[in-house]
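Hi,

Here is the structure I said I would pass on. Have a look at it first, and my notes follow below.

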Amino acid sequence: MILAAIDPAREAELRDLLASMNDAPGRVNADNALVPFAQFDTLHFARFVILDDKTLEDVRVYGMPVRTYPLYLAFLGDVDGDPDAFVADLAKRAAKGLREIFSCCDGFTPHTDLVVWMRQHSCPPAANYVNCRGRTVRRVREEAALKDALDEYLRIHAHALSGLPPREVFTRLLEFVNTEKAAGRLTLSEESPTPTAWWIKNALHLIGVPVLVLLASPLLVLIAPMLIFRLRRLEKTDLELCWRVDQAHSDALAVSEDRDVTNQFTAIASRKPGFVRLWTLMGILLTIDYAARHIVRRGRLGRIRSIHFARWVLLDGKRRGVFFSNYDGTVESYMDDFINKAGFGLNAIFSAAIGYPRTNWLVRDGCADEQKYRNFLRRHTLPTQVWYKAYPELTAVDLERNRLIRESLESSSMSEQKSREWVALL
Amino acid sequence: MRLSEVDYSDVQGLVRFGYGKMKEASYVHLRVKDPASARAWLRSAPIASAVAKTPPPPTAVQVAFTAAGLEALGVAPSVLAAFSPEFLTGMTEESRARRLGDVGSNAPAQWEWGYGMSLPHLMVMFFAESGRLQALIQDTRGNAWNAGFEEQRWLGTAELDGVEPFGFRDGISQPQIDWERRRDVTRPQIDYSNVVALGEFLLGYPNEYNKYTDRPVIYADSSSAADLLPAEDAPGKKDIGRNGTYLVMRQLRQDVRGFWQFLNRQTGGNFSEAERLAAAFVGRTRAGDPLVPVQQQPIPGIGPDAARIRQDQFTFDKDSMGAGCPIGAHVRRQNPRNTDYPGRPTGLAKLMTLLGFGPGGFQDDLISPVRFHRILRRGREYGSDVLPEHALAPAPPNDPERGLHFICLNANISRQFEFLQNAWTISPKFAGLTGENDPLAGIRETLPGCPITDNFTVQKDGRLRHRISGLPQFVTLRGGAYFFLPGLRALRYLAGAGASDT
């Protein structure tokens, strides 16, 4: 993520520029002149969003003075491979457009080196979730083309295949796919090998984090009782700010929602004061990040299967947090997923935000007060000015199905049971 | 704390009864012409309550308001603003229409009523035993009615003896309201239950989250509010929502001839095959039998009536792949009969499932727990019926329109009706499917991100699925609106609105 303060005098100009990248609200022109997203074949999702936080006054409930922060522009992309390579590619293909956009930010002059500036303004997430690590845009597209080809073949030949046992259906379709591949009509590329450096880094992270936690454990055990005692007190006294949002705010968000089967979500909030809340939040985010990287099942965040990418970023000396995600379905069904399937995790993170519905032992209650929670989140949701998805029409579950279809076609042996499951995916 | 009993005399009868014995019904849409006269009529209107009477009365009158109607009656803006956003902005708001799939031929601009000036202020519903409807309507209207209201349109209904226009038995599955407030919703629900918390269907009571759904509550600062019941969750306040609920109405025109003619073409003119395919679309046979076996184990809220058990005591747990009842079949989309956890785990398995390490099947967790998305259906058919066997003939000139005045009751429109419509009825991505939506009630318009919506898949056990494409749209939306169906004390309060000004 690239984060830069907007020059107040240029805000209106920036908003116009960003709007010019869309065909209509919520519908980006993927080939727009400023940043032609479609040209970047490693880019899954991207967004430009102005972090215009209307809830800064919430800190008053803790008797704290209202701080003024710069108005930030955030630019996010979810990419395959090396992020630095992507930034370099961006600077090559979209230099003019990016310069035009970033020139509305503080300190960006016609002489600024674009790549250096973007690196300087890069802001790492505190926690990151990827639906299926290692699944590249190319792979997604090739597998979608495979599914389409199979659908079309089945549309014509279903009659001949309908009575056959699954293994026979599989064999026939495998033959078809191989013919198509040989004729160059279908491509199922081998994955380029994961760089060794990545493996080493990943392994170090896998082992390193638990080792550090283990090393710190005597200290953690020592302070835990105090932390828990204090947290319980705070939970009982922290105020809830969960009133219904202004209809105009809600309508403005809705205009750019539900333009595809997938939607974007951006929400910002101020953190509750005090080191207890800060440390708890950092611990939880570390846990989520670690779990998302090493533990959770492919295609699932806990029980949630509708999220493509999500990240949590802390800003301004960890005083504020922003949550970005790309999810399938409407915001209603997204909230429903959170509340009914992952409420505990949600509570653990978002209870650090001022005004969140009251939790109990950090993971209980909270979002179970469903309407308060929906109000809270809607109030903190920001309109996203520009949002790009590389594969419209496809949900995360579609991607998983297509992956399973492809993997079986490449597996060396198919049992009767596996063939049945495979045929059921079609 | 002892939970107070529901005061049936304060609830409109439609919440408790379908008025099935009253074979005749008619709905009138009204606009307020003169608020004072309108309020006068409403204050003395003979609105039937939910008190059970023996013998049951031969007639009933019910009333519900749109947000524009409450405003026209002079309800204070501060009170009005506390109703739900869906109710206030209405069904036709552009983003909402997109979410509901009300686009193209179903778009509000195409409707016969409900859009712009054709949106009613209120609806009065008349129910009567055969032969008594006209007299009821005559007796109910009067000088105050004539002075207070402009009659926009009358929507007649037809008695089709429990069979909806496509020819299927209807109204078999309904949630059972927990009137006694015995249901414990504080723990995750592992087994499917048909008993649903009172607060899902009536405002002022805890819902399936054990919370009180937002609604207008006020300080009892005026004498007109004194009669209102207190808000259980806000001591010292009076509850305008209590014993009321939201009523969703959609007029659905059904193309019965198109439906059977399409099925007949698909099955090469073999009518019994066409009926079998129709049953796959619906998820029940024409007689109403489910396509999966009923279970021995009782389901709370289904029974003790043996006929009901025979047709409704089932779930899709043993049919996760859809080989018995297609995954996209109408009844399966409308009520997937699932629970809070797939596979009903207990103990450690439950914890593992909670953390995302459950069985991990492709179908797991694709459908939201149904208990948060139930609706109480109270609709009636309209138009003359045509038997499926006769529907194959070309339509005669002036073939009358037929369909369903869909009416449902729910306390939270966005979580119940709208979720059901968006995520289950019209979603081409329901339960991991793609390229198809509800074969009966769905739409075949291109939806955002879904260019293809006209398939239907019949899954097979150990064989390649049968996929039908090119489904026409069988149901077209002709009108719709969100109403508030108040409790009777609230009705008197709302009818007294602005009374001091006159």
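Let me begin with a pair of helices in chain A. The axes of helix 5 (residues 137–161) of chain A and helix 13 (residues 396–410) of chain A come within 9 Å and cross at roughly 75 degrees. Helix 5 of chain A and helix 13 of chain A are therefore roughly perpendicular to each other. Keep in mind throughout that this is a predicted model.

If you want to find the spot where they touch, look on helix 5 of chain A for A:Val140, A:Glu143, A:Ala144, A:Leu146 and A:Lys147, which meet A:Leu399, A:Asn402, A:Arg403, A:Ile405 and A:Arg406 of helix 13 of chain A. Sorted by class, the residues in this contact of helix 5 with helix 13 of chain A are five nonpolar, one polar and four charged.

Chain B has a helix pair to look at too. There, helix 8 (residues 256–266) of chain B and helix 9 (residues 271–282) of chain B have axes that come within 8 Å and cross at roughly 115 degrees. That makes these two helices of chain B roughly perpendicular. The crossing of helix 8 of chain B with helix 9 of chain B is right-handed. On the helix 8 side of chain B you will find B:Trp260, B:Leu263, B:Asn264 and B:Gln266, and they meet B:Phe271, B:Ala274, B:Leu277 and B:Ala278 in helix 9 of chain B. This contact has six nonpolar and two polar residues, with no charged ones.

Now for the sheet. Four strands of chain A make an open, antiparallel sheet, in the order 1-5-4-12. Strand 1 (2–5) and strand 12 (386–389) of chain A are the edge strands, each pairing on one side only. From one strand to the next, the twist averages 10 degrees. Strand 4 (residues 43–51) of chain A is joined to strand 12 of chain A by four bridges, and the two run antiparallel. To see one pairing up close, go to A:Ala46, whose bridge partner in strand 12 of chain A is A:Tyr388.

Last, how many residues does each chain give to the contact between them? Chain A gives 45 residues and chain B gives 40. On the side of chain A that touches chain B, the elements giving two or more residues include helix 5 and helix 13 of chain A, as well as helix 6 (166–182) and helix 14 (416–425) of chain A. By class, that side of chain A has 14 nonpolar, 11 polar and 20 charged residues.

Cheers

Key
Residues are numbered from 1 along each chain as its sequence is written. Chains are lettered from A and ligands numbered from 1 in the order in which they are written. This is a predicted model: local features need pLDDT of at least 70, side-chain atom pairs count only at pLDDT 80 or more; totals for chains, interfaces and linings use all residues. Two strands pair if DSSP finds at least two bridges between them. Axes are lines fitted to C-alpha atoms, for helices over the stretch in contact, and angles run from 0 to 180 degrees between N-to-C directions. Angles under 35 degrees count as roughly parallel, over 145 as roughly antiparallel, 65 to 115 as roughly perpendicular and the rest as oblique. A crossing is left-handed if the near helix is turned anticlockwise from the far one by less than a right angle, and right-handed if clockwise. Two residues are in contact if their C-beta atoms, placed from the backbone, lie within 7 Å. Ala, Val, Leu, Ile, Met, Phe, Trp, Tyr, Cys and Pro count as nonpolar, Asp, Glu, Lys and Arg as charged, and the others, Gly among them, as polar.
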